[in-house]
Amino acid sequence: MGNSQPGRHRISRPYRASPNPTRPTRASPHLYPQHHLPTPRPTNSMAVSLPYSHVDSSLRALAGQAEGFGRFAIGGLNGPVHRVTSLADDGPGSLREACRKKEPLWIVFEVSGTIHLQSYLSVSSYKTVDGRGQRIKFTGKGLRLKECEHVIICNLEFEGGRGHDVDGIQIKPNSKHIWIDRCTLRDYDDGLIDITRGSTDITVSRCHFSQHDKTMLIGADPTHVGDRCIRVTIHHCFFDGTRQRHPRLRFGKVHLYNNYTRNWGIYAVCSSVESQIYSQCNIYEAGQKKLAFAYYTEKAADKEEAATGHIISEGDLFLNGAQAGLAPLTSENCVFHPSEFYPTWTIEPPSDSLKHVLQHCTGWQQILLPADKPVASS
């Protein structure tokens, strides 16, 4: 085992981990400078801290603080605070009334309870839907982020969505700069979070997924070749016994780090046509099904030959007989490196302590609504 210490690491420059015969690595030893990667090791230490420790210091401290591809999402930073006072599906004081407004808004709740949605609730650009301080659950339908930008969804619950093509959070088409943080999602008829049709620059963090089949689809189908633009970061999430799609990816690029996926029913992560997945310091704990990574072959509408995708697994921890099942890389440049797109991200060694934290500190959290204090400019 390496000599890394448990705790928080900021990856601030390109690195390449030591080669490991159980996973493919890039062909050129000079492609990335050497940088010490946290070595996977079980530990009982609880010296683990999640990222974003500062974002609850004031109401708007969330804005622009996501890690990864969604890091530019500012939500309603430049708008007034709008208070939801009704749990009704629509009408005065409702969330739907607030979300259809065109101006930037930082939306908070003065009530707790369940919002029974009769149809998708569309969120327009430059909105923060901030569930801190209350307990808001959506049921019936979900949120739709359609042709919008700069949206932050924080500290909400989604359960019991019913109907054809009903997702908890549906991001399509052509939406960008989105951050989904600390949400609990379970039991929808279609996906929990689906990201398709040209939507990009999205981060999903600290979410808890359970009681579901097709958890997260990224990339619509092989005919939507415009999904080659998709870029998503998924980190510090807990996929708790969900059956598949953590995520399933077509065409785009996904960086997975410090997630805990356990007891999947088909596979943990699936790479399909032309997709690129960089899986880094995640925990994959198998139940009856042992294969963590799956590959599906499909033909893009503008290509003659069918193709699958590619996965790099770096520093991942496989438990309870989990098998990576990685396919060889076809070239040294067939999978992106995150540092090509963003300079820093927070990463822990995959460990028992990280697993414990993700089991208890993901999804909706009982936290106070922070005061709306001025946010210092960076």
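# Report on a predicted protein model

N263 is partly exposed, with a relative accessible area of 43%; partly exposed covers the range between buried (under 20% relative accessible area) and exposed (over 50%), found with a 1.4 Å probe and protein chains only. The structure is a predicted model, in which local features need pLDDT of at least 70 and side-chain atom pairs count only at pLDDT 80 or more, while totals for chains, interfaces and linings use all residues. Residues are numbered from 1 along each chain as its sequence is written, and side-chain values use heavy atoms, with hydrogens and water left out.

## Overall composition

The protein contains two helices and 29 strands. Helices (H or I, at least four residues) and strands (E, at least two) are DSSP runs, numbered from the N terminus. Of the 378 residues, 59% are buried. The protein exposes about 14,500 Å², and 49% of this area comes from carbon and sulfur atoms; accessible areas come from the Shrake-Rupley method with a 1.4 Å probe, and for residues only the protein chains shown count as cover. Among contacts (heavy atoms within 4.5 Å) with a separation of 6 or more, 68% join residues 24 or more positions apart.

## The parallel sheet

Nine strands form an open sheet with parallel pairing, in the order β4-β7-β10-β13-β16-β19-β22-β25-β28. Its edge strands, β4 (113-116) and β28 (317-319), each pair on one side only. Neighbouring strands of this sheet are turned by 15° against each other on average, direction ignored. Two strands pair if DSSP finds at least two bridges between them. Within the sheet, β13 (residues 184-188) runs parallel to β16 (residues 208-210), and three bridges join them. R186 stands opposite S210 in β16.

Where does helix α2 lie? Helix α2 (residues 352-360) lies across β19 (238-240), β22 (260-262), β25 (283-285) and β28, and runs at about 85° to β22. For such angles, axes are lines fitted to C-alpha atoms, for helices over the stretch in contact, and angles run from 0 to 180 degrees between N-to-C directions. The buried residues of α2 are S353, L354, K355, V357 and L358, and they pack against β19, β22, β25 and β28.

In soluble globular proteins, nonpolar side chains tend to be buried together. The largest nonpolar core has 59 residues, of which F138, I193, V204, F209 and I234 touch the most other members. A nonpolar core is a set of buried Ala, Val, Leu, Ile, Met, Phe, Trp, Tyr and Cys residues joined through side-chain atoms within 4.5 Å.

## Residues in loops

| Residue | Relative accessible area | Class |
|---|---|---|
| K101 | 29% | partly exposed |
| R206 | 5% | buried |
| P338 | 0% | buried |
| S339 | 19% | buried |

K101 is placed in the loop between α1 (95-99) and β3 (105-109). Apart from neighbours within four places in sequence, K101 is in contact with H82, S124 and K127. K101 and S124 are 23 residues apart in sequence, and their C-alpha atoms are 7.2 Å apart.

P338 lies in the loop between β28 and β29, and S339 lies between β28 and β29 (345-347). Leaving aside neighbours within four places in sequence, P338 is in contact with H255, Y278 and W345. P338 and V254 are separated by 84 residues in sequence and by 8.9 Å from C-alpha to C-alpha. The side chain of S339 makes a polar contact with the side chain of H337 at 2.7 Å. A polar contact is a pair of N or O atoms within 3.5 Å; within protein, one must be able to donate a hydrogen and the other to accept it, and residues adjacent in sequence count only if both atoms are side-chain atoms.

## Backbone features

Most residues other than glycine have a negative phi, and most peptide bonds are trans. R206, in the loop between β15 (200-205) and β16, has a positive phi near 55°. N263 also has a positive phi, near 55°, and is found in the loop between β22 and β23 (269-271).

Which residues does the cis peptide bond with omega of about -20° join? This bond joins K172 and P173, and P173 is in the loop between β11 (169-171) and β12 (176-181). The peptide bond from H246 to P247 is cis, with omega near 5°; P247 lies in the loop between β19 and β20 (248-249).
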